[in-house]
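Here is my note on the model you asked me to look over. Please keep the sequence and the 3D view open beside it while you go through the points.

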Amino acid sequence: MSRHQNRAKNKFTQNAPKFSGNKILIVCERETTETQYFKDLRKKRKIHQLQIEIHGKECDSAPIKVVEHAEKMLNKNKALFDHIWCVFDRDTHETFDKAIDKANSINNNIKGKKPTFNIAFSTPSFEFWFLLHFAYTTKQFKDNDEVRHDLQVYIPDYKKNQSIINSLYPNLEKAFKGAERINDFHHNSAANPSSRTWHPYTNVDLLVKKILKMKPA
């Protein structure tokens, strides 16, 4: 696992209020479940949108496009963000490995301590992170639909891209513990030490913990 997975004024900032603490850019696959979740979490935590910028509609659904857009934002103004996070699913994406390799390369070539260039990914899908708020499992899901089916045991009316933050938020600590357990499970039992091959898996908890440490606006 790479280190980013281990645990100048411009038009964006000319008239922006001043904030203490970190600024984060989150880049997701299109306007999807992920963008909805992080926008809801930002609102729930009362964090200003200039402290956490969330991009989705600017990207295609391919992981490599997510990384390329994040790189574009990095090159546009390196000083604007303290942390850049690319968020995508393992799913059946053909560019998944290429995206991780590129993100690792970008992060390793950044001079100085910031911004950090990170990946938060889930296998098989982001809904696995949701599921960990209710139950811990090492089940080998055959596809995303099966994850959603299991999630609907706890949120019967769940549909993609809808706001469910009020159902998830009270169980965040359980989700953190579940993500840590699944990480330990694979470290102790997986033949391949690379997290990109682990199923199921998520490291979204690392990004969420960063957000929880941010001060409200």
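**Notes on the predicted model**

1. The accessible surface of the protein chain comes to about 10,800 Å², of which 46% belongs to carbon and sulfur atoms; such areas come from the Shrake-Rupley method with a 1.4 Å probe, and for residues only the protein chains shown count as cover. Of the 217 residues in the chain, 53% count as buried, where buried means under 20% relative accessible area, exposed means over 50%, and partly exposed lies in between (1.4 Å probe, protein chains only).

2. Please bear in mind that this is a predicted model, in which local features need pLDDT of at least 70 and side-chain atom pairs count only at pLDDT 80 or more, while totals for chains, interfaces and linings use all residues. Residues are numbered from 1 along each chain as its sequence is written, and side-chain values use heavy atoms, with hydrogens and water left out.

3. On confidence, pLDDT is the predictor's confidence in each residue, from 0 to 100, and its mean over the protein chain is 89, with 90% of the residues reaching 70 or more. Over residues 1–17, however, pLDDT stays under 50, and for this stretch the model has 42 contacts beyond four places in sequence, a contact being heavy atoms within 4.5 Å. Where pLDDT is low, the predicted coordinates should not be read in detail.

4. The secondary structure comes to eight helices and five strands, and along the sequence they follow the pattern β-α-β-α-β-α-β-α-α-α-α-β-α. Helices (H or I, at least four residues) and strands (E, at least two) are DSSP runs, numbered from the N terminus.

5. In what order do the strands of the open sheet stand? The five strands have the order β2-β1-β3-β4-β5, with mixed pairing, and two strands pair if DSSP finds at least two bridges between them. Because β2 and β5 stand at the edges with a single partner strand each, one side of each is left without a neighbour in the sheet.

6. Strand β1 (residues 24–27) points I24 and I26 one way and L25 and V27 the other, and all of these are buried. Four bridges join β1 to β2 (residues 52–55), the two running parallel, and I26 has I54 as its bridge partner in β2. By contrast, β4 and β5 run antiparallel and are joined by two bridges; here T123 has Y201 of β5 as its bridge partner.

7. Helix α7 (residues 172–189) has 18 residues and reaches 26 Å from its first C-alpha to its last, close to the 26 Å expected at 1.5 Å a residue, the expected span being 1.5 Å times one less than the number of residues. Its buried residues are L172, A175, F176, G178, A179, I182, N183 and H186. They cover an arc of only 165° around the axis, which puts them on the same side of α7; the arc is that of the directions from the helix axis to the C-beta atoms. On the other side of α7, E173, K177 and N188 are exposed. Among the elements that cover the buried residues of α7 are α1 (33–44), α4 (127–131) and α8 (204–212).

8. Two loop residues deserve a look. S125, in the loop between β4 and α4, counts as buried because its relative accessibility is 1%, and beyond its neighbours within four places in sequence it is in contact with D89, N144 and V147. K114, in the loop between α3 (96–109) and β4, counts as partly exposed at 48% relative accessibility.
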